[in-house]
Amino acid sequence: QVQLVESGGGLVQPGGSLRLSCAASGSRFSLATMGWYRQAPGKQRELVATVTRGGTTNYADSVKGRFTISRDNAKNTVYLQMNSLKPEDTAVYYCNNFFGGRNYWGQGTQVTVSS
């Protein structure tokens, strides 16, 4: 059983920063691809960033240069550092773990960027 616990969401002003954390348990974390996705009201869930077990990263064009995904295998944790936040970044952000041919999801954490 894979369980994901997220933290770090909240309300920030445009141009501000947040760091999201996702702690995983119940799987071989070091072998899994980890990712962050987001979903705004009325929109499809979209990829934000992924990082493979080997450390290869992938980003949506909309966040390149502003967001950074990283992982700490010793802590079974993946992070998303979000800088220069924009109102259009407002969404529920979900942690994703791909392991054993399955997708596992966190509960989601709200990020709101507003003045």
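**Aromatic contacts and an antiparallel sheet**

R45 lies over the face of Y94, 3.8 Å from the ring centre; a charge is taken to sit over a ring if NZ of Lys or CZ of Arg is within 6 Å of the ring centre and within 35 degrees of the ring normal. The charged end of R45 also sits over the ring of W105, at 4.5 Å from its centre. The model is predicted: local features need pLDDT of at least 70, side-chain atom pairs count only at pLDDT 80 or more, and totals for chains, interfaces and linings use all residues. Residues are numbered from 1 along each chain as its sequence is written, and side-chain values use heavy atoms, with hydrogens and water left out.

A search of the whole structure finds 1 aromatic pair. The ring centres of Y37 and W105 are 5.1 Å apart and the planes stand at 70°, so the pair is edge-to-face (rings of Phe, Tyr and Trp, the last by its six-membered ring, pair with centres within 6.5 Å; planes under 30 degrees apart are stacked, over 60 edge-to-face, the rest tilted). Y37 belongs to strand β4 (residues 33-39) and W105 to strand β10 (residues 102-105), so the pair ties together parts 68 residues apart in sequence. Strands are DSSP runs of E, at least two residues, numbered from the N terminus.

An open sheet is formed by 4 strands in the order β1-β3-β8-β7, with antiparallel pairing (at least two DSSP bridges between two strands). β1 (3-7) and β7 stand at the edges with a single partner strand each, so one side of each lacks a neighbour in the sheet. Strands β3 (residues 18-25) and β8 (residues 77-82) are joined by 6 bridges, and L80 in β8 is the bridge partner of L20.
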